[in-house]
Amino acid sequence: MAVLAKVRRSKASAAQSAAARRSVSAEFPLGAAHNADIAAAFEEIADLLEIENANAFRVRAYRNAARVVGGLPNEAAAMLARGEDLTELPGIGKDLAGKIAELVKTGGSAVLADLHKHAPQGLVELLRLPGLGPKKVKALHDKLQIETVSQLHRALQDGRVRDLAGFGAQTEKRLLQALEAKSASGGRMKLAVAAQYAEPLAEYLRKSPGVGQVAVAGSYRRARDTVGDIDIVATAKDAATVMERFVSYPETARVLSRGPTRSTIVLRSGIQVDLRVVAPESYGAALVYFTGSKAHNIAIRRIAQGRGLKINEYGVFSGKRRLSGETEDSVYQSIRLPTIPPELREDRGEIEAAKAKSLPDLIELKDLRGDLHAHTTATDGRNSLQEMALAAKARGYEYVAITEHSRHLTIAHGLDPARLARQIGQIDAFNRQKRGIRILKGIEVDILDDGQLDLPDTILSRLDLVVAAVHSKFNLSRAQQTERVLRGLDNPYVTILAHPSGRLIGRREPYDIDMPRLLKRCQERGCFIELNAHPDRLDLLDTHCRMAKELGVLVSINTDAHSTSDFDNMRFGVGQARRGWLGRDDVLNTRPLARLLELLARARRS
Ligand code: DGT
Ligand code: CA
Ligand code: CA
């Protein structure tokens, strides 16, 4: 199986082959290649031949053979065992029939092994990326001399790929995401990356015949900023049908385990997914159990035990009698608690709050009335002022603040006073048109190394809000970094402190800073703190959100949008805010425009 193990689209992990074998007719010779394995081998041969500029007829012959074998009603191996002549199959001549026999007998193919020897190994890896077929891999190789995944990554980041014929910005984005998921596969992936994989898979499972509910549980449902693996809970009368559909998800690379009610697969991106199928009467109990967290589960189990009850993924039981399990509400009710929102289930005080009937009423996406941090093409954004404003309006917002970078950030083409003054004029002109959305005039001004702001008060005083941010010197000592930002906050025009820890998930640790002290100063100063909703940032951390709430410092959940589609990231910010116990009133940009303007003005004055 040495060669087959490497084959693209091969679903031939040992575990799966073993599982599949059990379900195939007894005449299928043990250890032989399945039709899917043979088809995958032929596809890869065709891909590699195409990259090598081989004869197009030969390439087509392999592709055709892949399709024919992949679509056979019987296993080719079984046909051979019965002595049937495979050359009777459409498009299968003597040569291809021999290759099928070779794959069946040895599990490998000399032609493929030979191609692997010649083609750079990196190309084979590139072919396995979703969205990259032989034509694209060949273009990358011929035009940009790309032979490895890391070379591709660099070219994507430099923007060299999108200009190739047949690629474009969409492909660039998709590939970057795939590479991110791939590099995350060793550790944890960002919440937004998990969303990209979990949601289509859940949608796919919802189409299973006989399936009832399908929900993504685990840390994903708790909206953790990073997710280890994806957990899905489903109900069905007949679990086998759903399981079958799950393991044959087209994105599956390997099946790690397969059982009647529980299976684990690895997607081509390297992401692991667990599926648990339960009976409808256990749905709520299973959802509670697999949403976790483990610490929360342990805490509620202890409560159940205290009441002489047993709680597990099937229900809440008194002896053998099931008290509940069909819904999450019923499960919590059985242990005399109100239902605790998933984002709070970390055993960080939510059990006590639930007992005391003082759970917070958490903010929801629909509570937001605007976004207070966005960029346009004037600096490093990708959409115009008008496009950004209308996109915000389309999301139901009353207002959106345009907050470009300031001049110190030269790579982002930051604004100097003259350019900012010009933008102020443009915004005033837009607002005079009464287009049903108000653009607020702002800036994302750099807090310089010494704590000074990057622009003079004369221009800052003309704005509705000033978002202050650190974009340099991340390595100062804790004392120096804290002092620097505190000095920045001393400027009377600063209204919001942006992405306060500076972290980039998976890439840059938070800088060393005394966050409680910053929050305290925001409180004294009457200014606000940002929860940056960008999936790479999710900064303010959830624990600091809670601290802000305790201090009465309003949090502004902002997407930091650099394009119209970035406004969609708001939901990740809301997830994190909920993890930080924030309700609607704890968030600045839930206020109606008139109230917001008052609050912004007051923050500046004080
Ligand atoms: P992750 O995947 O590392 O981001 O975090 P989770 O929370 O999704 O953890 P995971 O996937 O290992 O398990 C999903 C849920 O299943 C977990 O949140 C709680 C439940 N669970 C897993 N193992 C245990 C356990 O040993 N005891 C209890 N009570 N619950 C468990
Ligand atoms: Ca998980
Ligand atoms: Ca799991």
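The legends below describe close-up views of a predicted model.

**Figure 1. Domain layout of the protein chain in the predicted model.** The domain assignment divides the protein chain into domain 1, covering 4-185, domain 2, covering 190-355, and domain 3, covering 365-605. When the centres are taken over C-alpha atoms, domain 1 and domain 3 are separated by 48 Å.

**Figure 2. Packing of helix H2 against helix H3.** Helix H2, formed by residues 35-51, packs on helix H3, formed by residues 56-70, at an angle of about 165 degrees, and their axes are 8 Å apart. Because angles over 145 degrees count as roughly antiparallel, H2 and H3 are described as roughly antiparallel to each other, and their crossing is left-handed. On the H2 side the contact is made by Asn 35, Ile 38, Ala 39, Phe 42, Glu 43, Ile 45, Ala 46, Asp 47, Leu 49 and Glu 50, while H3 contributes Arg 58, Val 59, Tyr 62, Arg 63, Ala 65, Ala 66, Val 69 and Gly 70. Sorted by class, this contact of H2 with H3 holds eleven nonpolar, two polar and five charged residues.

**Figure 3. The loop between H2 and H3, with Asn 53.** Asn 53 lies in the loop between H2 and H3, and its phi is near 65 degrees, which is a positive value in a residue other than glycine.

**Figure 4. Protein donors around the calcium ion (ligand 3).** The protein donors are listed as Asp 229 (OD), Asp 229 (OD), Asp 231 (OD) and Asp 274 (OD), and they lie 2.2 to 2.7 Å from the calcium ion (ligand 3). Along the chain, the donors of this ion follow the spacing D-x1-D-x42-D. Distant parts of the chain are linked here, since Asp 231 belongs to strand S4 (residues 230-236) and Asp 274 to strand S7 (residues 272-278), 43 residues apart. Asp 229 also bridges the calcium ion (ligand 3) and the calcium ion (ligand 2), and these two ions lie 3.8 Å apart.

**Figure 5. The cis peptide bond from Gly 292 to Ser 293.** The peptide bond that runs from Gly 292 to Ser 293 is cis, with omega near -5 degrees, and Ser 293 is placed in the loop between helix H14 (283-291) and helix H15 (294-306).

**Figure 6. Crossing of helix H21 and helix H22.** The axes of helix H21 (residues 478-490) and helix H22 (residues 515-525) come within 10 Å and cross at roughly 10 degrees. Angles under 35 degrees count as roughly parallel, and H21 and H22 are therefore roughly parallel to each other, with a right-handed crossing. In this view Thr 482, Glu 483, Val 485, Leu 486, Leu 489 and Asp 490 of H21 meet Arg 517, Leu 518, Arg 521, Cys 522 and Arg 525 of H22. By class, the contact of H21 with H22 comprises five nonpolar, one polar and five charged residues.

How values were computed. Residues numbered from 1 in each chain as written. Chains lettered and ligands numbered in written order. Predicted model: local features only at pLDDT ≥ 70, side-chain atom pairs only at ≥ 80, totals over all residues. Heavy atoms only, no water. Axes fitted to C-alpha atoms, helices over the stretch in contact; angles between N-to-C directions. Helix = DSSP H or I, 4+ residues; strand = E, 2+ residues; numbered from the N terminus. Parallel < 35°, antiparallel > 145°, perpendicular 65-115°, else oblique. Left-handed = near helix turned anticlockwise from the far one by under 90°. Contact = heavy atoms within 4.5 Å. Nonpolar A, V, L, I, M, F, W, Y, C, P; charged D, E, K, R; others polar. Domains from an automatic or database assignment. Donors = N, O, S within 2.8 Å, 3.2 Å for Na, K, Ca; no water.
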